Amino acid sequence: MSEQPLVSVIIPTYNRRIELAELAESLYRQTYKHLQIIIVNDCGPSVDFICDLYPELHIEIVNMPTNQKHVAARNRGLQEVRGDYIMLCDDDDLLLPMHTERMLAEIQDCDLVYPDVEIFNYAFENNARIITNRFLFAYKFDIPAMRRFSTFFSSGCLFRPALIKALGGFDEEMFHYWDWDFFLRAVQDFRVKRAPIASVLYAFAQDGQSNMSGQHDNMRPFLDLLSAKHGLGELPTKNFFLLLEEPEVKARQAQTEIVWDGQPIRSRLTV
């Protein structure tokens, strides 16, 4: 029997102790165990505590000498990859227990696979996030439509290292929309598909720091840059949630498998 493939998980982080611990807990709960977990600390407070908290996990910490922001941190993480596959995850998102196993099954006939997600709101209480609301984000894989409004979430996506070899790293000029840019570059030359399972939980920050919360003035230049790079034409800067109500987007809603029981994932910080 051949050895199980190694999955390299890249996690950029900056000063999110509680969230990072919950992500580590979700990785500990994975049914698939052969993981190389690369945490890139973007010159924030030390995250060495996570290795003590979860000694069962194979965690490697990379400390950035200066704060270079999340896209550069992901690129730094790519330099440490030893796996047969690469998985991306934001430090405040969560993977449900069967996620890695399911993505490995799904990627057998493609080069990049991404799941559906459940987006959740939360409040902090006793070193944990308490769920205050949740909603499903599941849309058909449709390349022309995804050039107008991307329904690709990078957290939890799994891909072959050949993509990075061919495309290079993530575009550090795309501070916003780096993931949309990565998707658009990938579908040009590689087999990409959506897995119809909501196996990732995507955190929506209520403090206005989320990329969905409407920093339109800050994001417009990056949207224009993305459009120029890929020939996308005029793209809307409406609030994310308003865009979801557009008839064109609503028509793309898809059936998916819901696997989350709605309970928070409590880390060992709360013990």
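Predicted model: local features only at pLDDT ≥ 70, side-chain atom pairs only at ≥ 80, totals over all residues.
A residue counts as buried here when its relative accessible area is under 20%.

**Stop 1: F153 and Y202**

Select F153. Its relative accessibility is 8%, so F153 is buried. Trace the chain between them: F153 lies in the loop between α5 (143-146) and β8, while Y202 belongs to strand β9. They are 49 residues apart, so the pair is a link between distant parts of the chain.

Together with F153 and Y202 they make up one aromatic cluster. Across the whole structure, a search finds 22 aromatic pairs.

**Stop 2: strand β6**

Select residues 112-124, which are strand β6. Of its 13 residues, 11 are buried. Then show its partners, one at a time.

- β9 (residues 192-203): parallel to β6, joined by 9 bridges. Look for Y114 opposite R194.
- β7 (residues 129-137): antiparallel to β6, with 8 bridges. Here F124 faces R129.
- β8 (residues 158-159): also antiparallel to β6, through 2 bridges. L112 has F159 as its bridge partner.

Stay at the turn between β6 and β7. This hairpin has 4 residues between the strands, and N126 there takes a positive phi near 55°.

**Stop 3: charges over rings**

The charged end of R129 sits over the Y122 ring, 5.2 Å from its centre. For another example, jump to R17 and F49. R17 lies over the face of F49, at 4.1 Å from the ring centre.

**Stop 4: helix α4**

Select residues 99-106, helix α4. Colour H99, T100, M103, L104 and E106, which are buried. Why do they share a side of α4? They cover an arc of only 165° around the axis, and that places them on the same side of the helix. As a general rule, an α-helix has 3.6 residues a turn, so residues three or four places apart point the same way.

**Stop 5: strand β1 and V9**

Move to residues 7-13, strand β1, and pick V9. V9 has a relative accessible area of 0%, so it is buried. Which residues does V9 contact, beyond those within four places in sequence? They are L35, Q36, I37, I38, M87 and C89. Check the C-alpha distance to Q36: 6.0 Å, for residues 27 apart along the chain.

Next, pick V7. Leaving out residues up to four places away in sequence, V7 touches Y32, H34, L35, Q36, Y85, M87, T100, L104 and L158. Two of these, T100 and L104, are among the buried residues of α4.

Conventions:
Residues numbered from 1 in each chain as written. Heavy atoms only, no water. Buried < 20%, exposed > 50% of the residue type's maximum accessible area, 1.4 Å probe, protein only. Pairing = 2+ DSSP bridges. Arc of directions from axis to C-beta. Phe/Tyr/Trp six-rings, centres within 6.5 Å; stacked < 30°, edge-to-face > 60°. Lys NZ or Arg CZ within 6 Å of the ring centre and 35° of its normal. Contact = heavy atoms within 4.5 Å.
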